[in-house]
Amino acid sequence: MKSIAFGQYYPADSPIHRMDPRAKVILTILYIVCTFLCKNVLAFAALLLSAILLDLLSKIPLRMILRSLRPLIVILTFTSLINVFMTKGEHLLTPNWQIPFWGGHIWHIQIYEEGLWNALFMILRIVVLLIGTSILLSYTTTPIALTDALERLMKPLKLIRVPVHDIAMMTTIALRFIPTLMEETQRIMNAQKARGADFTSGGLIRRAKSLLPVLIPLLVSAFNRAYELAAAMECRCYHGGKGKTKMKILHLRFGDVLAVLLVIAFGAGIVFLNRYGFYYTMK
Amino acid sequence: MDKIVLEQVSYVYGAGTPFEKKALDNVSLAIQANCITGVIGHTGSGKSTMMMLLNGLSAPTSGKVYLDGLDINASFKELLPEWLKLPEYANMRKSTAKKAIKTELAKRKKSLCFRVGLVMQYPEYQLFEETVYKDIAYGPKNMGLSAEEIKERVYEAIRFSGLDEAILQKSPFDLSGGQKRRVAIAGVIAMRPEVLVLDEPAAGLDPRGREQIFEEVCRYQKATGSTVIMVSHSMEDMAEYCRNMIVLANGKVVANGSCQEVFSNVSMLEETGLDIPQITQLTRLLQARGLALPGDIYTVDRAVAVLKDLYRTEKGND
């Protein structure tokens with residue numbers, strides 16, 4: 001269970017790991033925009049190249065990232081199938097593909113060249129989007145640094161009375177306890193399995209019922225843990241964000257600013273490449 | 001006789017990730033039947049991992065675990081050729097025999113949990129039912145026993161635990177920490193396992209609570225003649241309740257034998273960073289001061305008896 005730790009932070013020493021988390025949050029948003037700007041073959045080629053470059057910079061084994069994409073296969077197949085069969089265009093590739101049904105109905109399969117391109121672009125977009133965000137955020141930023149950055153970035157919202165600090169603290173605590181709860185779940189499941197519990201066989205209702213011996217102790221211990229944590233925080237005089245100082249103060253460095261500027265330039269480059277459309281340009 | 005045998009067992013956590021950790025490294029050992037065996041070692045020495053391997057909850061990365069001489073993780077493919085030669089399957093048609101073997105194997109895998117009862121660390125967190133009775137009955141119910149048989153087992157288990165029968169109708173969440181723990185252990189005992197495995201059964205309890213837990217385990221062991229394996233890091237508990245001891249350090253077995261054998265090897269224990277029981281340390285200090293004491297004192301009871309004897313003889317001499 002520990003091997004699929006939430007957030008999948010991958011410890012390494014790379015320029016991306018060392019970057020200010022605030023810069024990384026901004027970069028991620030910009031990078032997502034970039035993936036959606038892409039419209040033609042050249043732009044997507046540049047995008048793919050940038051993803052590979054990001055991976056090399058972050059020193060995360062490509063194998064690991066590809067493995068994390070595996071659960072996406074279902075979504076990818078689904079979207080590409082929809083794109084292939086539903087896109088209407090000008091170049092019909094299958095003029096005479098027909099499937100007869102009972103009662104004389106005939107289903108015409110119409111696959112257009114545009115559909116194939118759309119499917120390819122869609123796959124590339126989703127894959128790069130995921131690689132980019134996971135490298136920029138989850139693989140290289142600890143959850144704590146991330147919420148710290150979010151708190152800082154959302155600070156202007158305090159003016160309209162949004163409890164920014166409390167939201168950040170709650171997020172930090174929630175993230176912090178995900179691996180703990182997963183471990184606890186595994187432990188209780190093992191304990192009940194040791195008493196002969198069977199979570200895998202039987203119908204839906206029986207299976208849901210078989211989870212009760214896991215869920216009840218899990219809830220009980222989660223509540224107990226919450227009370228204990230609250231007591232422990234109060235014992236250390238925690239009373240919200242007012243007047244609280246930071247142990248780790250974030251410093252924006254020249255490199256961080258440069259990275260943001262570079263990605264903006266990259267976005268501009270993509271817009272520029274979009275004008276040179278050979279083969280096919282997405283609408 | 002050996003109840004459980006581990007043969008070159010290794011276990012690796014998170015293989016192929018940056019968090020890879022070898023918890024057990026080529027461990028081979030045998031655990032004697034009909035007695036209590038203690039497993040001792042520091043945190044991270046692989047004790048808990050080893051316990052999980054004993055009832056098939058997890059399978060070793062490499063190596064074999066035998067219960068009564070049978071490999072508990074043997075796959076269908078490995079067993080098939082041998083089993084087809086057995087008299088009960090030899091006369092069947094091959095496809096029928098295969099199916100029968102498959103069901104038999106699944107049944108065996110499932111019954112393994114009932115034969116080797118595992119009490120995990122802090123077992124009180126597994127309690128979930130409305131009443132103590134129902135919670136203890138959970139294991140026997142999963143075994144598919146009749147209501148009468150279940151009732152008998154629950155009452156038997158609560159007797160072993162030394163708790164009052166009135167507790168059966170209470171909610172497990174209303175009990176004290178020590179009581180909860182004893183109920184949780186009773187929940188495993190109710191399955192009448194041939195092998196009872198306990199991972200740190202007394203952790204975090206006061207001395208009286210510890211004693212009650214160990215008494216429950218000893219009562220069960222004596223009454224049923226089952227094999228008990230107990231993890232602890234308290235040398236005193238080991239000396240008092242176990243016949244044999246296994247010392248683990250960094251996933252390896254550094255000592256394995258009777259308590260006397262292990263405790264007499266002081267230098268080895270010090271190397272692994274473990275202490276000898278306090279009472280043994282005290283006898284050693286007394287010996288150094290010239291008191292004629294035997295070297296094999298590991299429990300307070302024995303120390304008291306020896307010192308009393310000594311006192312009487314000295315008095316007689318005067």
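**View 1. The hairpin of E9(B) and E10(B) in the predicted model.** E9(B) and E10(B) form a hairpin with two residues between them, and in the turn B:Asn250 has a positive phi of about 50°. Six bridges join E9(B) to strand E10 (residues 252-258) of chain B, and the two run antiparallel; strands are said to pair if DSSP finds at least two bridges between them. Within this pairing, B:Ala249 stands opposite B:Lys252 in E10(B). This is a predicted model, in which local features need pLDDT of at least 70 and side-chain atom pairs count only at pLDDT 80 or more, while totals for chains, interfaces and linings use all residues. Residues are numbered from 1 along each chain as its sequence is written, and chains are lettered from A and ligands numbered from 1 in the order in which they are written.

**View 2. Strand E9 of chain B and its covered faces.** Strand E9 (residues 244-249) of chain B is mostly covered, with six of its six residues buried, where buried means that 20 or more other C-beta atoms lie within 10 Å of the residue's own, exposed means 12 or fewer, and partly exposed is in between, with C-beta atoms placed from the backbone. On one side the buried residues are B:Asn244, B:Ile246 and B:Leu248, and on the other they are B:Met245, B:Val247 and B:Ala249. E9(B) is also joined by four bridges to strand E3 (residues 36-40) of chain B, and these two strands run parallel; here B:Val39 stands opposite B:Ile246.

View 3. Four strands of chain B form an open sheet in the order E2-E1-E4-E5, with antiparallel pairing. Its edge strands, each pairing on one side only, are E2 (21-32) and E5 (70-71) of chain B. Strand E1 (residues 2-13) and strand E4 (residues 62-67) of chain B are joined by five bridges, and B:Ile4 stands opposite B:Leu67 in E4(B). Helix H1 (residues 47-54) of chain B lies across E1, E2 and E4 of chain B, running at about 120° to E1(B); axes are lines fitted to C-alpha atoms, for helices over the stretch in contact, and angles run from 0 to 180 degrees between N-to-C directions.

**View 4. The contact between chains A and B.** The contact takes 20 residues from chain A and 23 residues from chain B, two residues being in contact if their C-beta atoms, placed from the backbone, lie within 7 Å. On the side of chain B that touches chain A, helix H4 (94-115), helix H5 (132-142) and helix H7 (177-189) of chain B each supply at least two residues, and the largest share, three residues, comes from H5(B).

**View 5. Two loop residues with positive phi.** A:Lys59, which is not a glycine, has a positive phi of about 60° and is placed in the loop between helix H3 (41-58) and helix H4 (62-69) of chain A. A:Lys59 counts as partly exposed because it has 15 C-beta neighbours inside 10 Å. In chain B, the phi of B:Arg192 is near 45°, again a positive value in a residue other than glycine, and this residue is in the loop between H7 and strand E7 (195-199) of chain B. With 19 other C-beta atoms within 10 Å, B:Arg192 is partly exposed.
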